Amino acid sequence: MASTPYTVADVMTTKVVAVTPDTGFKDIAAAMERWKVTALPVVEGEGRVVGVVSEADLLPKEEFHDHHPGLMEQMRRLGDTAKAGSTRAENLMTTPAVTIRPDATLPRAARLMADRHIKRLPVVDAGGALKGIVSRADLLKVFLRSDEDLAAEIRRGVVERLFPLSHDAVKVTVSQGVATLAGQVRDRTLIPMAERLTHAVEGIVDVRCRLEAHTGP
């Protein structure tokens, strides 16, 4: 009954800067600086994502520039010391890349970022080809929807569908993303569902449900 959820495809950035496995260290750093990004997908062939190289992958070279770790530190930080001596993306990148499909929901993308402690995800098709990038900031775009747009969706997708006989008696307002449902409806049992469905509308920050059951004849 609820409206179709927003997906990654709705908010992702489609113009993506990527590098190839043989891209050199300095070119990677220059691309990050030029495009103001903290990570770049690494692609090969017809755009298939094989890894991601981030600022964190580049930092060991600076860290170990004038610091020569002892044997114990080398053993403990094998990955970092290896990257410190690397000059190309194929040896610097994190692989396999953590990716997501365009049809994934925004909550799924948010959970994946949180679980893996990453700030952005390459978006790939079924064959693994790069289609875009979705970042934490992209996931917040739904909260930029206007109050008027949100109110219209709640009325159309929740109130009119749940309460076809009494929807005219329900007032829907949205202010700063907070939705208020007020009025009288015929079926008391549907009030909790109306609140849940309103919460599920993309871009809603909170819901104040002031619906009451009609007590008249």
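Begin by selecting Val53, which lies in strand β2, residues 48-54. The model on display is a predicted one.

**First stop: Val53**

Is Val53 buried or exposed? Val53 has a relative accessible area of 0%, so it counts as buried, the cut-off for that class being under 20%. Next, display the neighbours of Val53. Leaving aside residues up to four places away in sequence, Val53 touches Val19, Ile28, Met32, Ala39, Leu40, Val42, Leu58, Leu92 and Met93. Now select Val19 from that list: Val19 and Val53 are 34 residues apart along the chain, and their C-alpha atoms are separated by 8.8 Å.

**Second stop: helix α9**

Select residues 147-162, which make up helix α9. The 16 residues of this helix should span 22 Å at 1.5 Å a residue, and the distance of 21 Å between its end C-alpha atoms therefore agrees. Where does α9 bend? Centre the view on Arg155, where α9 bends by about 35 degrees.

Then colour the buried residues of α9, which are Asp147, Leu150, Ala151, Glu153, Ile154, Gly157, Val158, Val159 and Leu162.

Finally, select Val205, in the loop between α10 and β7 (206-213). Val205 counts as exposed because its relative accessibility is 52%, and the cut-off for exposed is over 50%.

Terms used. Residues numbered from 1 in each chain as written. Predicted model: local features only at pLDDT ≥ 70, side-chain atom pairs only at ≥ 80, totals over all residues. Heavy atoms only, no water. Helix = DSSP H or I, 4+ residues; strand = E, 2+ residues; numbered from the N terminus. Expected span 1.5 Å × (residues − 1). Bend = angle between axes of the 7 residues up to and from the residue. Buried < 20%, exposed > 50% of the residue type's maximum accessible area, 1.4 Å probe, protein only. Contact = heavy atoms within 4.5 Å.
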